[in-house]
Amino acid sequence: MTVAVLSVLAVAPGALAQADWSPKPEPQAMQQLREEYLPEPEWQFMDAIRNARVEAAEYIRKPRAVGDTMELEAGLLLKPTGRDEWTSKVVPMRALCSDGRLERRSSDGSWSAYPSRPDTAVKVRWICSLR
């Protein structure tokens, strides 16, 4: 499941230029799931995906500038193909604004690179514009 979480969240950030991307409205079905599985307030819908392995929705909240980064919480709703139950996960992350990439914080407090997708850099730019 960790690999699925990493690959899904890596999909959330990116496109071609800051002005070319912003989150689309949250689908009604995802809103209902978010209210059930991520009931805390202030989640910003980022993206939803469905492929042969998984159906997922990605959210962020509490973005805050820390130097040249934006630290945030990433929320993930995840349902692997063939399963009926959704799960949720909240991951501490940061957007490295000058590098256009994401990192996640491990339980020991250290940061590690997060898998990237072609649209990661543009989503990072959008996140960094929230300063």
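## Hairpins and strand pairing

Strand 4 and strand 5 form a hairpin with 4 residues between them, and in its turn G100 has a positive phi of about 65 degrees; helices (H or I, at least four residues) and strands (E, at least two) are DSSP runs, numbered from the N terminus. These two strands run antiparallel and are joined by 4 bridges, with strand 5 covering residues 101-105, and two strands are said to pair if DSSP finds at least two bridges between them. L96 has R101 in strand 5 as its bridge partner.

Strand 3 and strand 4 also pair in the antiparallel sense, over 10 bridges, and G75 has V90 in strand 4 as its bridge partner. The hairpin of strand 3 and strand 4 has 6 residues between the strands, and there G82 takes a positive phi near 90 degrees.

## Basis of the model

This is a predicted model, in which local features need pLDDT of at least 70 and side-chain atom pairs count only at pLDDT 80 or more, while totals for chains, interfaces and linings use all residues. Residues are numbered from 1 along each chain as its sequence is written, and side-chain values use heavy atoms, with hydrogens and water left out.

Leaving aside neighbours within four places in sequence, I127 is in contact (heavy atoms within 4.5 Å) with M46, I60, M70, L72 and A95.

R61 lies in strand 2, residues 54-66, and counts as buried because its relative accessibility is 10%, where buried means under 20% relative accessible area, exposed over 50% and partly exposed in between (1.4 Å probe, protein chains only). The side chain of R61 makes a polar contact with the side chain of E73 at 2.5 Å and reaches the backbone oxygen of P41 at 3.5 Å; a polar contact is a pair of N or O atoms within 3.5 Å, where within protein one must be able to donate a hydrogen and the other to accept it, and residues adjacent in sequence count only if both atoms are side-chain atoms.

R53, by contrast, sits in the loop between strand 1 (44-50) and strand 2 and counts as exposed, because its relative accessibility is 55%. The C-alpha atoms of R53 and P80 are separated by 5.9 Å, although these residues are 27 residues apart along the chain.
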